[in-house]
Every structure is written in structure tokens, then in C-alpha cells.
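Please read the report below alongside the sequence and the model, which are shown first.

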Amino acid sequence: MYPMIDTHTHFDAPVFDEDRVLQAQKAYSKGVRHLVLVGYLYKHFDRIYETQQALSELEPSESASSASPSTSPDTSPSYPAAHIALGLHPFYIDQHTDAHLTAMAKMLDERRPLAIGEIGLDTYTDEMKTADKFDKQKRFFNAQLDMAVKHQLPVMLHIRKAHAEALAILKAHDYDAHKLGGIAHSFSGGEQEAKAFAKLGFKLGVTGQVTNPNAKKLRRAIQVAVDSYGIECLVIETDCPDMTPVMCQTSANNQSALGMNVDNEWQGAEGYNRNVPANLPWVLKSLSELLEVDSATLAAQLWKNSCAALQTSWAYQ
Ligand SMILES: [Zn+2]
């Protein structure tokens, strides 16, 4: 068991309402010490804060437990600390309005999150490639990068089938990942893109996709980025409830539930391979095998990388 940071989750999603406390406890028992709740739609921002609040209330208080380390063994359950990223996700571009951007800017002033995200560009469907949709994505991406610079916050990038365009925007923008950190979450590009994001100072977010031996392009891209930039360029994440590691899949139905129907997320989730933060060790294990770096060394480095990417200094526990 190694201490880990789950840098990208949607643990606030309704699919966890039934057993969130149990899943948080399981995640902790598997080594997950921190997790980030990542925003995608303005209407769910309150839910993210409520989830963080609920999880923080489970913990007795860190100072109380660390003040008496020598007393009887602590048998009460522990839970990962939850943190927040706020962002308007490019996949849901139709649902975002300028009023959401304004309201988000106000929230950043009032309740400073850990990061801005997830933001970026996504042309997964033909519809999203149309000029008006893509232009709107670019406008929202730039506006949120501006917010990150203004508040000096790291960003969580969601880039899918639009790597060249995203890189062009990032290179033209004042946002400096070498200074502010940032993660190319659920990295899905090729070798050149992997190196390009690492060169800009972003960490590549590795999900359960790496556990799939058939994900050859991804595995090669990670390897090539590491050959050039070292294991310092990586972080891990579950992206739960999506991206279930292959060894945890019980159903052939792997469609992303977050991308289905935003008004009715994860209804009938039993039919899907719901991913959970407790599955994060499988990502560590596959990455350790792929890179031929022992798990202990890798886990310690990934912790440092996550802290650098998120501009924090959490103690390795
Ligand atoms: Zn996500």
C-alpha cells in the first residue's frame, strides 16, 4: 500500500450517493490520501462543495489525531481529503452561458478552489467540430485560462482530438505551467503531443486506460514522454466513475456515463463499470510495470509531481 493522490475524480456524481462514505473509506485503505473533485457544469458546482463538506465532516480533525500518536491504535476509519477544481468542460459547451462564466469568476473570488478545471477543447463528435461550437469552446477555454492567471491557479486540461489547437492556445496565452502547474488530464494524445505538453510544464494525467495492454498508442506516448522528461512528467488519476481499469471491469458496457445524459447522469449505473477512487492502485501498478520503476519509488515521485502540478505541499503520509 502506497500513499497516493487521485488528481481527477467526479466523486460528487450521483452514482456515488448510495455508498460514498464506504467508497471513501475503501480508497483511504488502499492508500488514497487526497482526491480532487473536478467541475464540468456550472449547475453542479454547489454539489461539489457539498460533497467536499460532507467528506470533511467524516474526519475527526487532523490536529486531534496527530496530537496523540502514541495513544491506543486508532481504529476509527479514515478518509481522503477532498479538494475542488471549478471549470466549464468543453464537451458540454452547449450548456454553458456567459452568465456561467461570470458566476464562476465571482465564485473564485469568494471560495478559492485548488484549481481551475476541467477546461480545454474536445472535438470527439462531428457536431463539436462545427465552427460555431469549436469557436465557443475556444472562447471559454481562453476565458478560463485568464481566470487561472488572475488567481494564480493551476488548470486541469481536458483535450480530446484537438491537441494541436489546444497547444496553440496554450503557447499564445500568458498561462505558464512551469510556474502555475497544471495537468493534461486523462492524456489521450500521441508521442509528439505528450512531449509537447510536458515541455510546456504540464503533467500528463494517467488513468485506468494504461491498464489495458491494447492501449498501445497511449502506453508508447507515456514511455516516450518519460524518456525525454523523466517520471517527473506524470500524475495518476481515476477519473471515476469513468475509465475503469481493465482488471476491475465486470461488464462489457464501457460507455462513459458522464457523457450520456447530463440531466439524468448514471441512471441504471449497475449496467456500467463504475470506477471508484479505491481502484487507483491498479493505475500505479500498470504504470510501474510499463516503466519498469518499482511501485514505492514511483508512488513517492507521483506524490511530488501531483503536489507540484496542484501547487500544494501535502506531506507524504
Ligand atoms: Zn473528468
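Along the chain, the donors of the zinc ion are spaced as H-x1-H-x107-E-x120-D, where donors are N, O and S atoms within 2.8 Å of the metal (3.2 Å for Na, K and Ca), and where sites may look incomplete because water is not among the atoms. His8 belongs to strand E1 (residues 4-9) and Glu118 to strand E4 (residues 115-122), so this pair ties together parts that lie 110 residues apart in sequence; helices (H or I, at least four residues) and strands (E, at least two) are DSSP runs, numbered from the N terminus. The model is a predicted one, in which local features need pLDDT of at least 70 and side-chain atom pairs count only at pLDDT 80 or more, while totals for chains, interfaces and linings use all residues. Residues are numbered from 1 along each chain as its sequence is written, and side-chain values use heavy atoms, with hydrogens and water left out.

The protein donors are His8 (NE2), His10 (NE2), Glu118 (OE) and Asp239 (OD), at 2.1 to 2.8 Å from the zinc ion. The angles among the four donor atoms run from 86 to 175°, and the site is irregular; four donors count as tetrahedral if all angles lie between 85 and 135 degrees, four count as square planar and six as octahedral if opposite donors are over 155 degrees apart and all others between 65 and 115, and anything else is irregular. His8 counts as buried at 0% relative accessibility, and Glu118 is buried with a relative accessible area of 2%, buried meaning under 20% relative accessible area, exposed over 50%, and partly exposed in between (1.4 Å probe, protein chains only).

## Backbone features

Most residues other than glycine have a negative phi, and most peptide bonds are trans.

In helix H1 (residues 20-29), the residues Arg20, Gln23, Ala24 and Ala27 are buried. Viewed down the axis of H1, the buried residues fall within an arc of 100°, so they line one face of the helix, the arc being that of the directions from the helix axis to the C-beta atoms. Strand E2 (32-38) and helix H2 (45-58) are included in what covers them.

Asp12, in the loop between E1 and H1, is buried with a relative accessible area of 1%. Leaving aside neighbours within four places in sequence, Asp12 is in contact (heavy atoms within 4.5 Å) with Arg20, Leu37, Arg47, Ile48 and Thr51.

## Nonpolar cores

The largest nonpolar core has 78 residues, and those with the most contacts inside it are Phe197, Ile222, Leu234 and Leu287; such a core is a set of buried Ala, Val, Leu, Ile, Met, Phe, Trp, Tyr and Cys residues joined through side-chain atoms within 4.5 Å. Apart from this core lies another, of 14 residues, among them Ile5, Met156, Ala309 and Leu310.
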